[in-house]
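Trainee: I would like to discuss a protein model with you, by question and answer.
Mentor: Please proceed once the model is on display.

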Amino acid sequence: MIPPHTRRSTLACCISFRVHNQRLVNLIQLSPLSAYRMGWENLTSISEFFLLGLSEQPEQQEVLFGLFLSMYLITVAGNLLIILAIITDVQLYTPMYFFLANLSLTDTGLVSTTVPNMLANIWIQNQVISYAECLSQLYFFILFGILETLLLPVMAYDRYVAICHPLHYTTVMSPGLCVLLVSASWIMASLLSLLYTLLMNSLSFCAEHEIPHFFCDINPLLRLSCTDPFINELVIFSVGGLTFLICVLGLIISYACVFSAIWKIPSAQGKQKALSTCSSHLSVVSLYFGTSSCVYFSPPSTRSAPKGAVASVMYAVVTPMLNPFIYSLRNRDIRSSLRKLIWVRNTYSPRW
């Protein structure tokens, strides 16, 4: 208990208080000015956050609910249809479509991590998310986000082997190598996601725990920290930036070799056929890497909570929704498999 006659200078001392759970004790050193401004009432045990969402206007909540519910259903249905088409069509048992099925599964997980919770908050008009739920959401969101970042260069390497070394394609892209590449992507994504979550868990949060976002993301949580997050930011963005850079370099090198090989094809029809096999993947790469880099690697002076939330919608919701359309519209094999799947369903469905 702090006596009433405690003076301003006393507030400069170290303050020990429990955060998140009874086992975790964090020490925060406050400067005299910050401690005086913060006051004792702002130092509290944080057990929950408030997700402010994309808008606080009541009249816009119904519009947002309908819009995001539609996008979520389209995303899940489209990606699951692609997975089902690949599983049921023996002709699609190739490395390219094996990676595409994993990408569709990743997109389904990415959008399912954030949108259902947002829809529930709007429906029950409750913006509260517990500390444990927030970290869990953060973990799975980073997991699927990094997994997609790793799978896209793997798919680019597959296109490189198919176009530049077609005679050795089946030998190089063996089933064992495909499973190894996907398994390594899952393991690396899990480890990086765990690292980021533990770093965020080491931070302390004060009474101001309103997140101006529709899900728990790294940047909004870093802004709410009472402790200096410099070390955490340094590790997070150094590791994340290195991973992002390696993936981008892998994409650039793969497609530089692909375009070089296509340029050497004498016939225009051959060039068009080769380009058609990687145009869908290029569209997805441009959309995903372009929007995600704007969120996490833009200059700090240009960052703001509203812009960050809108940009997050683009790569966390819109991109997974568009991927099935991009692959189905630009891929003749997927279109044919989907038509056969729908035709078989209509043929053998019971008629009452």
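Trainee: In which helix is the place of Leu322?
Mentor: This is a predicted model, in which local features need pLDDT of at least 70, side-chain atom pairs count only at pLDDT 80 or more, and totals for chains, interfaces and linings use all residues. Residues are numbered from 1 along each chain as its sequence is written, and side-chain values use heavy atoms, with hydrogens and water left out. Helices are DSSP runs of H or I with at least four residues, strands are runs of E with at least two, and both are numbered from the N terminus. On that basis, Leu322 lies in helix α10.

Trainee: Is Leu322 buried, partly exposed or exposed?
Mentor: Buried means under 20% relative accessible area, exposed over 50%, and partly exposed in between (1.4 Å probe, protein chains only). Because its relative accessibility is 31%, Leu322 is partly exposed.

Trainee: Which residues does the disulfide join?
Mentor: The structure holds one disulfide, defined as a pair of cysteine sulfur atoms within 2.5 Å. Its S to S distance is 2.0 Å, and the residues joined are Cys134 and Cys216.

Trainee: How many residues apart are Cys134 and Cys216?
Mentor: The pair links distant parts of the chain. Cys134 is in helix α4 (residues 131-164), and Cys216 is in the loop between β5 (210-211) and α7 (218-223); they are 82 residues apart.
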